[in-house]
Amino acid sequence: MASFNHNLELATQHIQLKSLAKTYPGANGPVQALADIDLSVQRGEIFGIIGRSGAGKSSLIRTLNRLEQPSAGQVLIDGEDIAGYDARQLVGLRRRVGMIFQHFNLMSAKTVAQNVGLPLQVAGLDKARIAARVDELLQLVGLPDKRDAYPAQLSGGQKQRVGIARALAHQPQLLLCDEATSALDPESTQAILALLRDINRRLGLTIVLITHEMAVIREICHRVVVLERGRIVEQGEVWRVFGAPRHEVTRTLLGGLQQHLPADLQARLCQPGAGELVLGLHYSGEQGREPDLQAIAQALGRPVNLLHGGIERIQGRSLGRLLLGVGASADELPALLQRAAGVADRLEVFGHA
Ligand code: ADP
């Protein structure tokens, strides 16, 4: 995916959360859903929120359009604190902030065109303008031929396209996505992510999303924040957080994406054969280094046996680890390790007999 330059001087802060807190009344006393949340989202950014169930993700995203009122702190959208908005200002806010949902929230008795046009009808636009805008939106989401279909006649992916079209009816600058692909099959998920990426680029739309699917974050987000018990435990560019997760919660969430070694290889790493050295070459993405096998073999001056490995590309950077078996005698070792250290961001060495 294209990189997003956070250092751009022109980049403006779209959302700023300052010391945000949210407490709900509970049967056994107040429940602190969010505490000490400080973060900002740049205009045009795709920003992901992850965390375990109950971590506060929904509460956080719902404060951005005042579906939840913060208990303390500020929610600044375009520099304005929305906490103090009156009813009229809230109507304006909700037009500037679209939202899509896991279960699409479409009206089953209305056609696709009627669903998409609903926000415009509520706003009092005349029929001709609604029809023209609906056509434009259906074109944008790739559903011009489903105008008169009912939700029950659509696939999950098509229903979410309708949800997106409806959310964009008022040309919002911010789109909130609440588990938008969680009810979809992998193919539809990819198509919806491609659509979100496309509208982010074409319309310059800021997107804030919550998901339990790490692949979604890796695929389309520029930055990610990790919540745990209502607090931020980690945040940063996706390649950094996913490449070197610092918090235990992040590591757990990423579990499925991390490498697992097959048992035979684990045994071999514990007891390498005579004259065999196993090197773990790590790529952190930090230096923009590429795992170039030819250059590695050349640097080591001998054939290398690729035993296991996984390299992911996130935001154009290579991240991961390669395990290489190389033959080496004890006296060659110091020079070999020095050369190996020069072709990776970090070197791991597994025994040498
Ligand atoms: P997540 O989206 O990460 O699963 P939520 O924001 O839904 O987390 O919930 C955070 C915490 O706040 C949880 O402990 C949840 O039980 C509690 N909570 C959420 N909504 C309410 C509510 N309306 N009333 C009381 N407690 C709530």
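Because the model is predicted, local features are reported at pLDDT of at least 70 and side-chain atom pairs only at pLDDT 80 or more, whereas totals for chains, interfaces and linings use all residues. Residues are numbered from 1 along each chain as its sequence is written, and side-chain values use heavy atoms, with hydrogens and water left out.

The residues around it, each with a heavy atom within 4 Å, are Tyr24, Pro25, Val31, Ala33, Arg52, Ser53, Gly54, Ala55, Gly56, Lys57, Ser58 and Ser59. This shell divides into five nonpolar, five polar and two charged residues, where Ala, Val, Leu, Ile, Met, Phe, Trp, Tyr, Cys and Pro count as nonpolar, Asp, Glu, Lys and Arg as charged, and the others, Gly among them, as polar. Strand β2 (31-42) and helix α1 (57-63) each supply at least two residues of the shell, and the largest share, three residues, comes from α1. Helices (H or I, at least four residues) and strands (E, at least two) are DSSP runs, numbered from the N terminus.

On the side-chain side, a ligand oxygen lies 2.8 Å from an N or O atom of Lys57, and a ligand oxygen lies 2.7 Å from an N or O atom of Ser58. Taken alone, the ligand exposes 560 Å², of which the protein buries 60%; areas follow the Shrake-Rupley method with a 1.4 Å probe.

Beyond its neighbours within four places in sequence, Ile164 is in contact (heavy atoms within 4.5 Å) with Ile100, Val141, Ile192, Leu195, Leu196 and Ile199.

Helix α3 (residues 112-122) has as its buried residues (under 20% relative accessible area; exposed is over 50%, partly exposed in between) Val112, Ala113, Asn115, Val116, Gly117, Pro119 and Leu120. These buried residues pack against α4 and α5 (156-167). Just after α3, Gly124 takes a positive phi of about 85°. Within α4 (residues 127-140) sits Ala131, which is partly exposed at a relative accessible area of 29%.

Conventions: A polar contact is a pair of N or O atoms within 3.5 Å; within protein, one must be able to donate a hydrogen and the other to accept it, and residues adjacent in sequence count only if both atoms are side-chain atoms. Buried means under 20% relative accessible area, exposed over 50%, partly exposed in between (1.4 Å probe, protein chains only).
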